[in-house]
Amino acid sequence: MILDRLFAAGYDVIFQRAERGGLTAMRAEAIGDLSGTVVELGAGTGLNLAHYPAAVDRLIATEPDPHMVKRLRAKVAAGEGGGPERVTVAQAGGERLPLQDGEADAIVCTLVLCTAPDVPGVLAEAVRVLKPGGRFRFVEHVRADGHRHAAWQDRLNRPWGALAGGCNANRDTLAALRAAPGLEVRGVRDDSFPGVPALVRPLIRGEAVRV
Ligand SMILES: C[S@@+](CC[C@H](N)C(=O)[O-])C[C@H]1O[C@@H](n2cnc3c(N)ncnc32)[C@H](O)[C@@H]1O
């Protein structure tokens with residue numbers, strides 16, 4: 001679809017303000033101490049690639065959208081994230097990952113659960129591929145706590161999604177994480193998505209552990 005193509009083409013520019021306002025620091029904090037085999041869900045254009053530390057010896061960067069994948073592959077081919085020696089790009093949704101059971105030490109999921117059509121399916125697949133004790137790191141914008149703000153998110157959800165690559169402004173992602181069998185949320189911080197409309201500003205970041 002033309003809008004998907006435009007969203008992918010403009011993504012890095014659209015995100016510049018948010019990145020400078022603090023999103024880059026949130027990415028670094030979510031990723032910077034990981035190690036071993038890491039899977040990234042919905043890796044988009046690859047804005048997380050720069051943050052993987054040397055202790056990550058293998059990164060499987062997954063992404064379902066072909067326009068995003070094209071950009072992701074180009075960055076990896078140019079050496080970002082350690083280049084093709086360390087990073088494998090796979091065109092795949094989070095509901096079906098190209099990994100064996102228990103193969104991953106960690107999963108990185110930034111700004112993806114707002115868009116994935118089947119959040120319980122994505123989380124079940126994460127549980128399948130994570131080792132026991134494996135980490136699921138997330139940075140996600142979420143449904144507002146306040147009734148009026150949430151009602152506004154509900155009202156504008158459709159037009160917002162049409163402009164923003166199918167994103168939902170009003171998802172209660174923390175409830176979904178807490179309800180996911182096999183994941184235990186350990187540490188979650190309320191924060192604010194910098195440089196974006198108030199509609200999508202409530203944000204959570206933290207970790208769930210595969211139990
Ligand atoms: C707002 S972008 C975030 C991209 C990237 N994670 C980042 O932090 O910049 C949302 C991404 O989720 C991807 N996505 C949509 N449905 C998905 C699914 N079912 N599984 C995994 N990713 C999905 C989209 O293609 C898009 O790249």
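User: A polar contact is a pair of N or O atoms within 3.5 Å. With that in mind, which ligand element does Glu-95 face through a polar side-chain atom?

Analyst: First, a caveat: this is a predicted model, with local features needing pLDDT of at least 70 and side-chain atom pairs 80 or more, while totals for chains, interfaces and linings use all residues. Residues count from 1 along each chain as its sequence is written, and side-chain values use heavy atoms, leaving out hydrogens and water. As for Glu-95, its polar side-chain atom sits 2.8 Å from a ligand atom, and that atom is nitrogen.

User: How far is the polar side-chain atom of Glu-63 from an oxygen atom of the ligand?

Analyst: Tyr-11 has a side-chain N or O atom 2.7 Å from a ligand oxygen. For the polar side-chain atom of Glu-63, the distance to a ligand oxygen is 2.6 Å.

User: How much of the ligand does the protein bury?

Analyst: The ligand has 18 residues around it (a heavy atom within 4 Å), and Arg-27, Gly-42 and Thr-110 are among the closest. Alone, the ligand exposes 600 Å² (Shrake-Rupley, 1.4 Å probe). Of that area, the protein buries 92%.

Notes:
Polar contact = N/O pair within 3.5 Å; in protein donor to acceptor, adjacent residues only side chain to side chain.
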